[in-house]
Amino acid sequence: METQRPKDAQQPDFSALLLRVEEILGGAGPLVDRLAALCSLLRGAAPHYDWVGFYLVESPGWLALGPFCGAPTGHVHIPFGLGVCGQAAQRAETLVVQDIARESNYLACSVEVRAEIVVPLLREGEVLGELDIDSHRLAPFTPADRAFLETVAARVARLMT
Ligand code: SME
């Protein structure tokens, strides 16, 4: 069961955010630039989104770091199955880790990170990449976060060739 944020925490306005997401993704320019703008939007959208980035499938069974916003990470290439990112890619499903201390198959990026959500970018069941968000808070992700981020990921996947 997913842990809820405390009641005093502010819920982002997901409807307004989704409009901005559509604007960014519908804009001109290379997709990689639009994904970078999306990372920036999402990072500023919620206080518990501390690192926002995309991993893209660069060759079968391998993820490569794409646009991101937040601290640099050493995890640039990740094989399917390894870490939270690799597990989400292997299973082709969203993974929500509310406490990374309880996850043994985890690749640490920074000592500040406490929780992580990884949402695959799917086209007809095929994993094209994923949206990854790290949080410095413990158990920060709500079902509403997950639903919103899955909608964003679906929009992004639609644009990928
Ligand atoms: N923590 C991830 C690695 C990627 S960083 O969070 C940016 C993992 O366990 O796969």
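Reply: A polar contact here is a pair of N or O atoms within 3.5 Å; within protein, one must be able to donate a hydrogen and the other to accept it, and residues adjacent in sequence count only if both atoms are side-chain atoms. The model is predicted, so local features need pLDDT of at least 70 and side-chain atom pairs count only at pLDDT 80 or more, while totals for chains, interfaces and linings use all residues. Residues are numbered from 1 along each chain as its sequence is written, and side-chain values use heavy atoms, with hydrogens and water left out.

Me: Fine. What does Asp134 do with the ligand?

Reply: One of the polar side-chain atoms of Asp134 is 2.9 Å from a ligand oxygen atom.

Me: And which ligand atom does Glu116 reach?

Reply: A nitrogen atom, 2.8 Å from a polar side-chain atom of Glu116.

Me: What about Cys85?

Reply: There the backbone is involved: an N or O atom of it lies 2.8 Å from a ligand oxygen atom.

Me: How much of the ligand's accessible area does the protein cover?

Reply: 100% of the 310 Å² that the ligand has on its own (Shrake-Rupley method, 1.4 Å probe).

Me: What does its side chain reach?

Reply: The side chain of Thr73 reaches the backbone nitrogen of His75, at 3.0 Å.
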